[in-house]
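Okay, thanks for coming, everyone. Let me put the structure up, and then we'll walk through it together.

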Amino acid sequence: MSTAPASLDAGVHEARLRELDEVWGTKPGLRGQLTAVNHTTVGLRFIVTGFAFMLVGGLLSMFIRLQLAWFDSEVLDPQRYAEFVTMHGTTMMFLFAVPIMEGFAIYLIPKMLGARDLPFPRLSAFGYWCYLFGGLFLYSSFLFDAVPDAGWFMYVPLSDATWSPGLNADFWLIGVTFAEVAAVVAAVEMIVAILITRAPGMDLRRIPLFAWAMLVTAFMIAFGFPPLILASILLEIQRAFDFAFFEVARGGDPLLWQHLFWLFGHPEVYIIFLPAAGVVSMIIPTFARRPIVGYSWIVLAQVAVGFLSFGLWVHHMFAVGIPLLALALFSAASMAVAIPMGIQVFAWIATLWSGRPWLRVPMLYLVGFFFVFVLGGLTGVMLAMMPFNWQVHDTHFVVAHLHYVLIGGLMFPLFAGLYYWLPLASGRTPSETLSRTAFWLVFIGFNLAFLPMHLTGMLGMPRRVYTYSEEMGVHWLNLLSTAAGFVLAIGIVAILVDVALSFRHGPRTARNPWNGGTLEWAIPFPVPLYNFASVPVVGDRDPLWQRPEIADASARADGMLGEVRDGQREILCTGLLSGEPEQVVRISNSTWLPLLAALSLAALLTCFIAKAYAVAAVMLVPLLGLLGAWAWTSGHRHAPTHLDVTADLRLPTQYAARNAPGWWALVVSLLIDGSLFASLVFSYFYLWLGADAWPPAGIATGSWGPQLLALGVLGVAAGAVQFAMRAVRRDARATAITAWLLAAVAGLAFVAVHGWALWVPVGPPQAHAYASVVWTLAGFHAVHVLVAVLFATFLAARVHRGYASAARPLDARVAAGLWRYTVGQGLVAWAVVHLFPRFA
Amino acid sequence: MRLGPHRLSGMVAPMVVWALHFVVVYSVQGLACAHGWQRTTFAGHAAVTWWLLLLTAASLAGAAAFGVRGWRAWREARAGIGSGASADARFRRFTAGIAAVLSLIAVVAICFTAIPILLLQTCT
């Protein structure tokens, strides 16, 4: 606890700190744990759960290696082998690699930015529960002997209802999509947090590089995850309701799955790698004991990688028979991405070169990272060359490459980060001997396990197959891989034991044991759940190196937001570019809502996989009820429109501020939703491109009358929303309520009229891929209209109860923004569904 | 939307040009092969190759324009360092520098994409 500042009486100061502890603290006992929403707790949960899933995924890989240790092993039968390979890949990608980095970000980002918490604590808690339940849902397939077995990429037709008639594929599609909710909400959280909750003075060029990396990553998730979410939804609809997106006999195309999957799958590699690169950029300056060289270069390299990595997806499909020029375009982009990657590596080397490197355990892992990742990158460039790719496609060469990239690019920086930030969470350092031994076990074990796979692959050993022939002569190499794989496993267990032991037995350390320069090291141990008693003000990229006194100043309660008001958690938001203070944001205290909402969603999905569709539909009621309660408690009738930050600084609250976090969350959510919609439109045109006739014989385009009527009704809804918004701004309550309700009624009418306008000419969606995709487009939009209808009704109630008004327009702005987007999406969907087939 | 070199949207604009170019080239190529457009030739090459090259030239011009603007803004900001509003000038030098170099990367990446168009037939 810090000493009282001169400006405050010691008693007052103590009282302020106590009050901060009370308001930000988690309630004792299980109830407190289940309702906790603060970022420190949620972040640690993500990290612990991520490592638990890593151990399970690792265990599966041990069985895989045992099976491949010799050519005639019978450890796993072919079916079990397929299941274990599928679950190993799925677990490591979806339940370990992505969530663990989210965990690091959720735990660290507010601390690095000088913020007390993330802007939407309930959302991150909800994301965590979705991740946990999604993972458990996936693993519950073991209980029903329906373990997913079609590979982590789930290619159709192998994964469709004909070739995977059991529930195996359903467990994958629903479980993974459920867990992905966490990634998507974390993206919203991160973008808003990094853009507007930075400490005052932290303008764009002072953002810690890990935060820059997370910002780019979050945008990549926003564009990269929706294609897979869409693909999973389409395949699940096809499996559950016999739609025809991927079925050739009814005009579908299995390649559509591959496009959507890799549109996600390749950026995914960089979604995993960029945060790890951000970790590297944070650790290197500390251990080189100098500021990073080429900060701007690293930032622009991260942005460039973020873009270029989207131009690579077809390089996973070089062997499927796409025209050469198209393949070459992706080959070229695959090589172009090496440029910004190289820029980052050179900046790191330059920093080490010009500094005074200090080889502590985190640095040791970074040395391992350089070695392993560069090798993985080189084989990546080899694979980007089509002729070479065709030779080693689907062999163990690719297995070696992807493990070099992922273990080199993610695991080594991750362990470096784990050791680097451990003292922040534990207040202790781990055992130097054990951690160095563990490093060498991991490093040697990994290389001996995966280096031989380059050879076995080039000799023709196929991947995803449970055995290989003796004549291939690769059994000794495989035996070596297996033995070394166990060394790697022992190393990883040693790391986790080391970390666990350090919490109890490690030598205690002072604050900032490595002398890091960024704000997370200003926080005392044990970390108070409010992070900073006063919001720090920064004037440099490495604030603690420039002004070490910032640590003590931010632990005293006499600065910005040092005083608790109304028992509310308050954070400070700043300008997107400038980092100037802009608004005070009141965020949620502990609540049951995230857990209950995730539980309802889990119940709904369980009913769905059990094919109890009616019950699943009924489960929407508690889910919507909880989300409604969530939205309703986001504001207050008597919420202040302005608050004092210090004696001479008064700022608007989020209810009145223009750049409110809620508004930004809407913008980012719509970006994600827009990407989902764009993927669906892409699917429509992709199916059209492969079709002989569009619409096919037996399906008509229909008459203009009902279609134009539907459009007109949507126009009425749009007009009503504009009118309602104006009425809210004028405080004309009765008019506003009427207009919101009119928008809701018009929205419902649109859904009915449009359904009728489609049913007559198109008929049932099962008839042909055309009907499937048209109904899905219309249905997708109808869901949006129904959500917008709920929002309009909600707003009518909000205006009625005095929550939304001219002084507090945030709710209304969000609802109107959602409506405008929905109408715009409707126009595009309408044009695609009704205009395009007439002129195609 | 304003796309000045000192805004986030302006800084990433050249990469957006690259992305648009990439998507359009890939889509036009797919459409051309599906509809047999490559059979129409002009000056010894498939007409669609010319279209793709024209598109590339336009994209290069777009990315380069962002680059030139970023470069000018960077020089302007650099000249301002040391004057009264030095902090602001440093900030502008940072954003303009990023915009300028990203434009350069975008130009190189667009050229990378264009090389196969020059070397290969559209639909083999």
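When I say helix or strand, I mean DSSP runs numbered from the N terminus: helices are H or I with at least four residues, strands are E with at least two.

Before going on, a quick word on what you're seeing: this is a predicted model, where local features need pLDDT of at least 70, side-chain atom pairs count only at pLDDT 80 or more, and totals for chains, interfaces and linings use all residues. Residues are numbered from 1 along each chain as its sequence is written, chains are lettered from A and ligands numbered from 1 in the order in which they are written, and side-chain values use heavy atoms, with hydrogens and water left out.

Back to A:Asp731. Its phi is near 65°, a positive value in a residue other than glycine. Most residues other than glycine have a negative phi, and most peptide bonds are trans. At 43% relative accessibility, A:Asp731 counts as partly exposed; buried would be under 20% relative accessible area, exposed over 50%, and partly exposed is in between, using a 1.4 Å probe and protein chains only.

A:Asn515 also has a positive phi, near 60°. You'll find A:Asn515 in the loop between H16 and H17 of chain A, and it is partly exposed at 49%. While you're there, look at A:Pro526, in the loop between helix H16 (475-505) and helix H17 (543-546). The peptide bond from A:Phe525 to A:Pro526 is cis, with omega near -10°. Another cis bond joins A:Val156 and A:Pro157, with omega about 5°, and A:Pro157 is in the loop between helix H5 (121-139) and H6 of chain A.

That brings us to H6, residues 168-196, where A:Asn168 is found. A:Asn168 is buried, with a relative accessible area of 13%. Its side chain reaches the backbone oxygen of A:Val147 at 2.8 Å. Leaving out residues up to four places away in sequence, A:Asn168 touches A:Gln79, A:Ala146, A:Val147, A:Pro148 and A:Asp149, where contact means heavy atoms within 4.5 Å.

Now for the strands. Why do we call strand S1 of chain A, residues 569-574, largely enclosed? Six of its six residues are buried, so the rest of the structure largely encloses it. A:Arg569, A:Ile571 and A:Cys573 point one way, A:Glu570, A:Leu572 and A:Thr574 the other way, and all are buried. S1(A) pairs with strand S2 (residues 581-587) in the antiparallel sense over six bridges; two strands pair if DSSP finds at least two bridges between them. A:Cys573, for instance, has A:Gln583 as its bridge partner in S2(A). Six residues lie between the strands of this hairpin, and A:Gly579 there takes a positive phi near 70°.

Next, charges. A salt bridge here is a side-chain nitrogen of Lys or Arg within 4 Å of a carboxyl oxygen of Asp or Glu. A:Arg360 forms one with A:Glu432, the closest N and O atoms being 3.5 Å apart. A:Arg360 lies in the loop between H11 and helix H12 (361-384) and A:Glu432 in helix H15 (residues 432-458), so the pair ties together parts that are 72 residues apart in sequence.

Last stop, the two chains. How many residues of chain A are in contact with chain B? It's 35, against 39 residues of chain B. The area buried between them is about 3000 Å², with carbon and sulfur atoms giving 87%; that is accessible area (1.4 Å probe) that two parts lose on being put together, summed over both. The count of salt bridges between chain A and chain B is zero. On chain A's side, the elements giving two or more residues are helix H9 (295-308), helix H10 (324-336), helix H11 (338-354) and helix H22 (661-689). H10(A) gives the most, with ten residues. That's my tour, thanks!

Definitions and conventions:
A polar contact is a pair of N or O atoms within 3.5 Å; within protein, one must be able to donate a hydrogen and the other to accept it, and residues adjacent in sequence count only if both atoms are side-chain atoms.
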